[in-house]
Amino acid sequence: MAKPQVVVAPVLMSKLSANAPEFYPSGYSNYTESYEDGCEDYPTLSEYVQDFLNHLTEQPGSFETEIEQFAETLNGWVTTDDALQELVELIYQQATSIPNFSYMGARLCNYLSHHLTISPQSGNFRQLLLQRCRTEYEVKDQAAKGDEVTRKRFHAFVLFLGELYLNLEIKGTNGQVTRADILQVGLRELLNALFANPMDDNLICAVKLLKLTGSVLEDTWKEKGKTDMEEIIQRIENVVLDANCSRDVKQMLLKLVELRSSNWGRVHATSTYREATPENDPNYFMNEPTFYTSDGVPFTAADPDYQEKYQELLEREDFFPDYEENGTDLSGAGDPYLDDIDDEMDPEIEEAYEKFCLESERKRKQ
């Protein structure tokens, strides 16, 4: 016996066409016009959802503005176990058959898991989704060693599960948000299946999965005192040494090991602020200017005798302008003003100089 299709109730269709006709993706104006003309050709659940999924695939930026209306429509429509199962299957198929939809599909699943009101005895949206994923998961070993088409479908499932792990939020009784532990365990076993069958495409899939989820998985395992990531890295190194994979794939695996050794490319700022000093900051003097002594020897603020040499330079340039530069006497002979300059600085000039030095030091430390 053929399974009956779920169709939009006339009341619901009228409400949609009156309140939000611009919401519909391409093709929905046809359904609206047909109903208003008295035609019984309103869309089925499958058609409605599939059009929306295609719309998100083509215009992912519309997710934020249209997801709320989509969920409201489904709440008035998905009222049976069969309808909920059909919805889950449609989203799953889109997320695993369209390469660029795995991330968007995971976001969509997370939103619907928190906003769909139906919760039949067979399970709510999230439970049915995880059950669907488990069906694919249980044949992982056969899929990883299957033909090219089978492996390609399996890889799409693996990457979608990775996106689900990152995006599917589980809210606890006291309001805390966590990830689904069952997905973490599943990803570990999927990696085992991929590395146990080290064909190029399996290894490429493993690299993609670890680039996507590696940092989060390792953080979670470390919190639990587990060494799973160390075991995975060791397995990768064994594959590079022993497996008959291509040179390019081996290079990808080595790059992944390098990425992990750099903490997955993450940079952590120091938790406490410390004022930079020559002792704790190797770049402290990086942008300091270079000066030269009367003998032509360069020196900077990093020089241990900087203060003494800099004072000598100031005195030579500013207060004894009759020194020779490039063999030229800059003062001119017999200048009565210059002849009267004492070796000691004028008190006002000395005070101004001290203020200048203090201000310069303060600005440098800011």
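**Notebook: loops, burial and salt bridges**

At 26% relative accessibility, asparagine 263 counts as partly exposed, because the term covers values between buried (under 20% relative accessible area) and exposed (over 50%), computed with a 1.4 Å probe and protein chains only. I noted first that this is a predicted model, in which local features need pLDDT of at least 70 and side-chain atom pairs count only at pLDDT 80 or more, while totals for chains, interfaces and linings use all residues. Residues are numbered from 1 along each chain as its sequence is written, and side-chain values use heavy atoms, with hydrogens and water left out.

**Entry 1: two residues with positive phi**

I located asparagine 263 in the loop between helix 13 (247-261) and strand 3 (291-292). Helices (H or I, at least four residues) and strands (E, at least two) are DSSP runs, numbered from the N terminus. I then looked up the backbone angle: asparagine 263 is not a glycine, yet its phi is positive, at about 60°. Most residues other than glycine have a negative phi. Tryptophan 264 also has a positive phi, near 60°, and is likewise not a glycine. I found tryptophan 264 in the loop between helix 13 and strand 3. Is tryptophan 264 buried or exposed? Its relative accessibility is 10%, so tryptophan 264 counts as buried.

**Entry 2: asparagine 124**

I turned to the loop between helix 6 (102-115) and helix 7 (125-137), where asparagine 124 is found. Which residues does asparagine 124 contact, leaving aside its neighbours within four places in sequence? I recorded Leu84, Ile118 and Ser119, where contact means heavy atoms within 4.5 Å. A polar atom of the side chain of asparagine 124 lies 3.2 Å from the backbone nitrogen of arginine 126. I also checked histidine 114, which is ten residues from asparagine 124 in sequence and 10.0 Å away in space, C-alpha to C-alpha.

**Entry 3: salt bridges**

I counted twelve salt bridges in the structure; each is a side-chain nitrogen of Lys or Arg within 4 Å of a carboxyl oxygen of Asp or Glu. Side chains of opposite charge can pair when their charged atoms come close.

One of the bridges joins the side chains of arginine 151 and aspartate 201, at 2.8 Å from N to O. This pair links distant parts of the chain, with arginine 151 in helix 9 (residues 148-167) and aspartate 201 in helix 11 (residues 200-223), 50 residues apart. Arginine 151 is buried, at 12% relative accessible area, whereas aspartate 201 is partly exposed, at 24%.

Arginine 188 forms a salt bridge with aspartate 228, and their closest N and O atoms are 3.0 Å apart. Arginine 188 lies in helix 10 (residues 181-196) and aspartate 228 in helix 12 (residues 228-242), so this pair ties together parts that are 40 residues apart in sequence. I noted that both arginine 188 and aspartate 228 are buried.

Arginine 266 and aspartate 219 meet through their side chains in a salt bridge of 2.7 Å, N to O. Where do the two partners lie? Arginine 266 is in the loop between helix 13 and strand 3, and aspartate 219 is in helix 11, 47 residues apart. Arginine 266 is partly exposed, at 28% relative accessibility, and aspartate 219 is partly exposed, at 30%. Finally, I traced one network, in which salt bridges that share partners join Glu218, Lys222, Glu230 and Arg260.

**Entry 4: the whole protein**

I recorded 16 helices and six strands. Of the 366 residues, 37% are buried.

Terms used
A polar contact is a pair of N or O atoms within 3.5 Å; within protein, one must be able to donate a hydrogen and the other to accept it, and residues adjacent in sequence count only if both atoms are side-chain atoms.
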